[in-house]
Amino acid sequence: YKQHAAQYTWKNSADAVIFYGNDPAATQAFRSALSKNPAQWRSLTTDMSEKIAADSGRFELEQIPSATKIALHQGLITSPVLNKTDNTASFAYIIQLHPKPEARNFNEARGLVINDYQNDLEKTWMENLRKKYPVRINKEVLDDLVRSSKP
């Protein structure tokens, strides 16, 4: 992380809660109740836990579901986005905007760091395997296979 900290930054982002509903009617009812008292999102989600799930945290703006392309602002509850393949819907409640790119701390970048480290390990491993076991193609056998596979 310390060697590559500059590449782990937040783009324009927001602290938000993203809600996922498995029924469009229940999602709309939940959104209506939420709009009356957004601060109670946890208890509302608990009350409708069979129909609504929530994920809270910091999200980059392109990760936030919105059916319209309106400018996001603090306190906004976005319009539900309907997924027609499974008839689910998602929308977000924006708690706070972070309009400028910022560095991620290690905990925020942990998943990205682990992914980059695994990719680096795999790249090194494949290079070592190629050096240790170089690929050699027997041209005669390849030509025989090509001839025998033609109809």
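Among the contacts in the protein chain between residues at least 6 apart in sequence, what percentage join residues at least 24 apart? The value is 69%, where a contact means heavy atoms within 4.5 Å.

Before I go on, a word on the model: it is a predicted one, in which local features need pLDDT of at least 70 and side-chain atom pairs count only at pLDDT 80 or more, while totals for chains, interfaces and linings use all residues. Residues are numbered from 1 along each chain as its sequence is written, and side-chain values use heavy atoms, with hydrogens and water left out.

Let me begin with the overall picture. The protein chain has four helices and six strands, and from the N terminus on these elements follow the order β-β-α-α-β-β-β-β-α-α. Here helices (H or I, at least four residues) and strands (E, at least two) are DSSP runs, numbered from the N terminus. The radius of gyration of the protein chain is 24 Å, well over the 15 Å that the globule rule gives for 151 residues, so the chain is more spread out than a compact globule. That radius is taken over C-alpha atoms, and the rule is 2.2 Å times the number of residues to the power 0.38. Along the principal axes, the C-alpha atoms fill a box of roughly 75 × 50 × 30 Å.

Now to the salt bridges, of which a search of the whole structure finds six; the term stands for a side-chain nitrogen of Lys or Arg within 4 Å of a carboxyl oxygen of Asp or Glu. I will show you three of them.

One of them joins glutamate 62 and lysine 11, with 3.8 Å from N to O. Glutamate 62 lies in the loop between β3 (52–60) and β4 (81–83), and lysine 11 in the loop between β1 (9–10) and β2 (13–21), so this pair ties together parts that are 51 residues apart in sequence. Glutamate 62 is exposed, at 55% relative accessible area, whereas lysine 11, at 48%, is partly exposed.

Another links lysine 51 to aspartate 23, whose closest N and O atoms are 3.9 Å apart. Because lysine 51 sits in the loop between α2 (41–47) and β3, and aspartate 23 in the loop between β2 and α1 (24–36), the pair ties together parts 28 residues apart in sequence. Lysine 51 is partly exposed at 38%, and aspartate 23 is partly exposed at 25%.

What is the N to O distance between arginine 104 and glutamate 60? In this salt bridge it is 2.9 Å. Arginine 104 lies in the loop between β6 (102–103) and α3 (106–132) and glutamate 60 in strand β3, so parts 44 residues apart in sequence are tied together. Both arginine 104 and glutamate 60 are buried.

Finally, please look at two single residues. Threonine 27, in helix α1, is buried, with a relative accessible area of 1%, and beyond its neighbours within four places in sequence it is in contact with Gly21, Asn22, Ile52, Ala89 and Phe91.

Definitions and conventions: Buried means under 20% relative accessible area, exposed over 50%, partly exposed in between (1.4 Å probe, protein chains only).
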